[in-house]
Amino acid sequence: MTVLVHISDPHFGTEQPPVVTALKALIDRLEPAAVLLGGDVTQRARTAQFDAARDFIASLGCPVLCVPGNHDIPLYNVFARLFNPYGGYRRVLGNDLEPVFETEDVLAIGVNTTHPKRHKDGEIGPHQIARVADRLRRASPRQLRIVMAHHPVQAREASDRANLLHGRRVALPTWIDAGMDLMLGGHIHLPYVAALAKDPEGRNAWAVQAGTALSHRVRGDVPNSVNVIVRDPVSQATRCLIERWDFDVAAQAFDRVETSELILSRDAVV
């Protein structure tokens, strides 16, 4: 059984200590193969915020695949934004802004959709699209094939359409054709699962959005929320579960509130 925890938008600097404690407890309990962290690690890309994020990540005891979010680029420090936009991020989280996590059962590809010239919007270019597609094509049928970015590619609410990733209309059909199963995103602090358009041969894929994991900057009445991805690559090769876990204030713990069973496209399993 493969278990992954997908979190996004912790916004260190606005984190809530009881929620931090509860998320650590959940991850300890689940013992995931990896935590997939989808950006906006900090609120304002400040040194103390990155240090808090580093301490949190170090406490998890499992691999963490992380990509930047728009909040991880300095906003008010114009010099840093222009000349060293990822300096704080790289100091704590490493030089690779588009890392890959791979096991026999999982291929998770990180994509950096931020840009220092943009305030909050995300974009993706031709070289990134080609690189991800090439890596997806080399995956094995056994692997769950995940692409993770910060910005969403599918909107559930009309108000979120302005937040959609620039370049998605080229990226999505290319990646679905190359074998992508899940497209993970964050940014809008709204958790949901949505079907992505099938390619001409009928291959399907899914958009999986995460809420804010730790911040008090929740959206409306949506609490702090994370996703748990569960798959048995042998007995349930064509299925994947996405569990939504919300923070329960009364229990001071994350509680599973919803499970979505997704059908994956597979020609063969080895």
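This is a predicted model: local features need pLDDT of at least 70, side-chain atom pairs count only at pLDDT 80 or more; totals for chains, interfaces and linings use all residues.
Reader: Let's start with α1; how many residues does it have, and how far does it reach?

Author: Helix α1 covers residues 17–30, which makes 14 residues, and it reaches 20 Å from its first C-alpha to its last, close to the 20 Å expected at 1.5 Å a residue.

Reader: Which of its residues are buried?

Author: In α1 the buried residues are V19, V20, A22, L23, L26 and I27. Seen down the axis of α1, these buried residues fall within an arc of 165 degrees, so they line one face of the helix.

Reader: And what do the buried residues of α1 pack against?

Author: They pack against the strands β1 (2–7), β2 (34–37), β10 (225–231), β11 (239–248) and β12 (253–263), and also against helix α2 (47–58). The face of α1 turned away from that buried side carries the exposed residues P17, T21 and R29.

Reader: What follows α1?

Author: E31 follows α1, and its phi is positive, near 50 degrees.

Reader: Switching topic, which residues make the nonpolar surface patch?

Author: V78, F79, L82 and F83 make a nonpolar surface patch of about 500 Å². Of these, L82 lies in helix α3, residues 78–83, and L82 counts as exposed because its relative accessible area is 60%, where exposed means over 50%.

Reader: Then S215: buried or exposed?

Author: S215, in the loop between β9 (205–209) and β10, is buried, with a relative accessible area of 0%. Leaving aside residues up to four places away in sequence, S215 touches D9, P10, H11, T14, E15, Q16 and N224.

Conventions
Residues are numbered from 1 along each chain as its sequence is written. Side-chain values use heavy atoms; hydrogens and water are left out. Patches are made of residues with over 30% relative accessible area and no salt bridge: like charges are joined within 9 Å, nonpolar side chains (Val, Leu, Ile, Met, Phe, Trp, Tyr) within 5 Å. Accessible areas come from the Shrake-Rupley method with a 1.4 Å probe; for residues, only the protein chains shown count as cover. A salt bridge is a side-chain nitrogen of Lys or Arg within 4 Å of a carboxyl oxygen of Asp or Glu. Helices (H or I, at least four residues) and strands (E, at least two) are DSSP runs, numbered from the N terminus. Buried means under 20% relative accessible area, exposed over 50%, partly exposed in between (1.4 Å probe, protein chains only). The expected span of a helix is 1.5 Å times one less than its number of residues. The arc is that of the directions from the helix axis to the C-beta atoms. Contact means heavy atoms within 4.5 Å.
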